[in-house]
Amino acid sequence: MSIRDVPITGEPIRLGQFLKLANLAEDGSHAKDLLDAEEVTVNGEVEVRRGRQLTNGDVVEVGGEGGRVVLA
C-alpha cells in the first residue's frame, strides 16, 4: 500500500473532489463509480458518500493506493 501526502488549501474538502485531486479517480464519474462499488475507504472504513467532508490527517484509500489530507 502506498500512502502519499496530498496538500490542500483550506478545509474541509469533499471526498469526490479529493479523489480527483489525489489522482485516485480520473474524473467525477469515475469517483462516483468507485464509491458505488464500495472501493473507497476513509480512515480504514468503507465510504460511499461523495460529499463526505475530509479534514487534515484523514487517509483515503482506493485499491492499495492512497492519499493523506494535509492542510497546506
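Q: Let's start with E11. Is E11 buried, partly exposed or exposed?
A: E11 is partly exposed, because its relative accessible area is 37%. Buried means under 20% relative accessible area, exposed over 50%, and partly exposed in between (1.4 Å probe, protein chains only).

Q: Before we go on, what kind of model is it, and how are residues numbered?
A: This is a predicted model: local features need pLDDT of at least 70, side-chain atom pairs count only at pLDDT 80 or more, and totals for chains, interfaces and linings use all residues. Residues are numbered from 1 along each chain as its sequence is written, and side-chain values use heavy atoms, with hydrogens and water left out.

Q: Where is E11?
A: E11 sits in the loop between β1 (2-8) and β2 (13-14). Helices (H or I, at least four residues) and strands (E, at least two) are DSSP runs, numbered from the N terminus.

Q: Which residues is E11 in contact with?
A: T55, N56 and L71, leaving aside neighbours within four places in sequence. Contact means heavy atoms within 4.5 Å.

Q: OK, zoom out. How many helices and strands?
A: The protein chain has two helices and seven strands. From the N terminus on, the order is β-β-α-α-β-β-β-β-β.

Q: What is the strand order in the sheet?
A: Five strands form an open sheet, β1-β7-β6-β3-β4, with mixed pairing. β1 and β4 (45-46) stand at the edges with a single partner strand each, so one side of each has no neighbour in the sheet. Two strands pair if DSSP finds at least two bridges between them.

Q: Which sense does β1 take with β7, parallel or antiparallel?
A: Parallel, over seven bridges, with β7 covering residues 65-71. I3 has G66 in β7 as its bridge partner.

Q: And what joins β6 to β7?
A: Four bridges, and the two strands run antiparallel. V59 stands opposite R68 in β7. β6 and β7 also form a hairpin with two residues between them, and G63 in the turn has a positive phi of about 50 degrees.

Q: What about the other partner, β3?
A: β3 and β6 pair in the antiparallel sense over three bridges. V40 has V62 in β6 as its bridge partner.

Q: Which β6 residues are buried?
A: In β6 (residues 59-62), V59 and E61 are buried on one side, and V60 and V62 on the other. Both faces of the strand are covered.

Q: Switching topic. Which phi values are positive in residues that are not glycine?
A: N23 is one of them, with a positive phi of about 60 degrees. E38 has a positive phi near 55 degrees. Most residues other than glycine have a negative phi.

Q: Where are N23 and E38, and are they buried or exposed?
A: N23 is in the loop between α1 (15-21) and α2 (28-36), and counts as exposed at 64% relative accessibility. E38 lies in the loop between α2 and β3 (40-42). At 51% relative accessibility, E38 counts as exposed.

Q: Last one: what are the overall dimensions?
A: The C-alpha trace spans about 30 × 25 × 20 Å along its principal axes. Of the 72 residues, 36% count as buried. Residues 24 or more positions apart account for 50% of the contacts with a separation of 6 or more.
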